[in-house]
Amino acid sequence: MSAMSVSSPCSNIKSNSEDSHTSNLSQSCQSLFIYPLSNYSFGNKEALYEKDQSVAARFQRMRDDFERVGMRRSVDAVLVVYEHNLPHILLLQLGSSFYRLPGGELNTGEDPFDGLKRLLNMYIGIACDWSVGEVISNWWRPNFEPSQYPYIPSHISQPKEHRQLYIVNLPEKTSFHVPRNYKLVAAPMFELYDNAANYGPIIASLPQSLSRFKIVFC
């Protein structure tokens, strides 16, 4: 992988007309403070297996749950670090080629913030008060099928799943403990961009979703 130069989305905003334009544009970017990957340590814990043993079983359970409680609600965490002065996203890797964000299904009636904190503790093993920020992306699953979209198709009145991606601010230093059948990997943001073939459309869209932040390397 070849390195690319990365700059803050706000740092290079310039105006040849009025300084106020620059100020207003800069203020429209929220700051995202990130720390080097080397600040964090990684360990393992007991394996954690999925509820469903196959894709068919997963969608059958989704059908059953939809009949019982309605649309599934899911939440994922977007965790950003940096290495070699490039922003990286922390992903869970299962096997050799399956990647996902830390997160998962909410329980019936569960608050999204509480549910995401529970899932983070489950998958990356820190019992701490997570700093969960804003929603940066919404995705809907229109049918009991793999496809998900960042909008509800016009012909769909009852989506089967709503997935929300939250930015989560990491502390300066901490330890992660990941189920031994997973790996926690740091993927460079430039590798994710427009790379749905390897990471899926949701992860591949993260560079666009994060572009509104002014990334500050601490």
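The side chains of Arg 72 and Glu 105 are joined by a polar contact of 3.3 Å. The model is predicted. Arg 72 sits in strand β3, residues 72-78. Its relative accessible area is 9%. Buried means under 20%, so Arg 72 counts as buried.

Helix α2 covers residues 55-69. Its 15 residues should span 21 Å at 1.5 Å a residue, and the end C-alpha atoms are 21 Å apart, which agrees. Phe 59, Arg 61, Met 62, Asp 65 and Phe 66 are buried in α2. Down the axis, these buried residues fall within an arc of 155°, so they line one face of the helix. An α-helix has 3.6 residues a turn, so residues three or four places apart point the same way. On the other side of α2, Ala 56, Glu 67 and Arg 68 are exposed. Just after α2, Gly 70 takes a positive phi of about 95°.

The buried residues of α2 pack against these strands:

| Strand | Residues |
|---|---|
| β7 | 103-105 |
| β8 | 131-141 |
| β9 | 161-169 |

Strand β3 is also among the packing partners.

Now the whole chain. The protein chain has 6 helices and 12 strands. Of its 218 residues, 46% count as buried. The chain exposes about 11,900 Å², with 49% supplied by carbon and sulfur atoms. Among contacts with a separation of 6 or more, 72% come from residues 24 or more positions apart.

Methods
Residues numbered from 1 in each chain as written. Predicted model: local features only at pLDDT ≥ 70, side-chain atom pairs only at ≥ 80, totals over all residues. Heavy atoms only, no water. Helix = DSSP H or I, 4+ residues; strand = E, 2+ residues; numbered from the N terminus. Buried < 20%, exposed > 50% of the residue type's maximum accessible area, 1.4 Å probe, protein only. Polar contact = N/O pair within 3.5 Å; in protein donor to acceptor, adjacent residues only side chain to side chain. Contact = heavy atoms within 4.5 Å. Areas by Shrake-Rupley, 256 points an atom, 1.4 Å probe, with all protein chains shown as cover. Expected span 1.5 Å × (residues − 1). Arc of directions from axis to C-beta.
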